[in-house]
Every structure is written in structure tokens, then in C-alpha cells.
Amino acid sequence: MQFCRWLLLIIHPSGKTLRIEEALLDYDISGTVRSNLFHIAASIIHHAESEHFGCAIVLDLNEPLGKIAGQNLVAPLDLERSNLLDLACDLARVDGALQIGADGHLYRFGCLLDGEAISGEDRARGARYNSSLRFTAHNPNTIIVVVSSDRRVSVLRDGKNMRVSGNSRQPER
């Protein structure tokens, strides 16, 4: 776990209290799965930030995976392989979200996230953020990491933007 926290400091030198691994702690998954998903998400986030583009990453912890409209991969990509993780980083540029399963495989890209309007939407944050917020409100067991083109990163779950304050997870206001 210490390694994960160190990676986050590299990604967020501003000291933001944003924690993907904290959101993952609420799910019944092994520490190895949690660490792998964090590493995958952190790599894609870092790439998007350094290349100055926005993207959305759906960490789908459902079994079976939820059905999302997008480009289905005939053979899911094992993102624990560095060359396939590099490919996923490039696919993150495509409009729409990446869908990654708990097994660390990329199943879809260019995914369209939709859902009915919910309270807490923020039109100033744009379509990627609000669509992701709605999607998590209507699709349990999903965490979406939204990277805005201005390099702002949000972790969304259960229709809320998660921030960590001390030891308890708090929705952003």
C-alpha cells in the first residue's frame, strides 16, 4: 500500500486528498487486485496529465461486467503487460471512456456513459464529468476516474465525487 501512496504523490504534487485506492477499499477484492487496478489507473492518469488530454476510466468491479455502449475488444487487453498498458494509455485519447474489469483487462474503449440527471451535477465541470457522475449513480460497483483536459482529476462513485478528509471518505461539496 505504501507504494500506491507514493505514486499518488507523483501524480498529484499539489497534495490533493484524492485517493483511488481509498475508494477501492470498500470493495471485497484482494490487495493484489486493488494494487493492480490502482497501478493501471495511475499510469493512464499520469499519461493523460502529461499529454494534456481528458479521459474517463471506468473501473467495473461487477461480475459479469456491466454492458456499456462502446468499442468492444474481441480479446480483452491484459493491462498488467506494459506494452498493452501503453496501448490503453493511447486509447484513452479516443472520445469516450475505457472500461477496465477487476481482472485488470481492458474490455471496451470509446464508451458512452449515460444516465438520468441526478442532484449534485455541476454544469461547469462539463459533459465527461457529469455523464460519469450519473453513470456511477445508476451502476453500482463502478468507480470512474475523470481526468479533465485542465489536469483536474476526480474519483466518482455512487453518484458522488469522492475526496478523502483525514481517515474518512467524504463527498466533495
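## A guided tour of the predicted model

Begin by selecting Ile20, Ile44 and Ile100, which have the most contacts inside the largest nonpolar core, a set of 35 residues. A nonpolar core is a set of buried Ala, Val, Leu, Ile, Met, Phe, Trp, Tyr and Cys residues joined through side-chain atoms within 4.5 Å. Buried means under 20% relative accessible area, exposed over 50% and partly exposed in between, with a 1.4 Å probe and protein chains only.

The model is predicted: local features need pLDDT of at least 70, side-chain atom pairs count only at pLDDT 80 or more, and totals for chains, interfaces and linings use all residues. Residues are numbered from 1 along each chain as its sequence is written, and side-chain values use heavy atoms, with hydrogens and water left out.

**The whole chain.** Colour the protein by secondary structure to find 5 helices and 8 strands. Helices (H or I, at least four residues) and strands (E, at least two) are DSSP runs, numbered from the N terminus. Followed from that end, the elements run α-α-α-β-β-α-β-β-α-β-β-β-β. Of the 173 residues, 48% are buried.

**The cores.** Return to the core of 35 residues. At least two of its residues come from each of H2 (20-24), H3 (31-51), E1 (55-60), H4 (82-91), E3 (97-101), E4 (105-111), E5 (142-147) and E6 (153-157). Helix H3 supplies the largest share, 8 residues. Next, select Ile44 and display its contacts (heavy atoms within 4.5 Å). Beyond its neighbours within four places in sequence, Ile44 touches Cys55, Ile57, Leu85, Ala88, Cys89, Ala92, Leu98 and Ile100. A second, separate core has 13 residues, among them Cys111, Ile118, Ile144 and Leu156.

**The cysteines.** Select Cys55, which counts as buried because its relative accessibility is 2%. Cys111 is also buried, at 3%. A disulfide is counted where two cysteine sulfur atoms lie within 2.5 Å; the whole structure has 0. For Cys55, the nearest cysteine sulfur is that of Cys89, 8.6 Å away.

**Helix H5.** Select residues 127-138, the 12 residues of H5. The expected span of a helix is 1.5 Å times one less than its number of residues.

**A charge over a ring.** Finally, select Arg125 and Tyr129: Arg125 lies over the face of Tyr129, 4.0 Å from the ring centre. The rule requires NZ of Lys or CZ of Arg within 6 Å of the ring centre and within 35 degrees of the ring normal.
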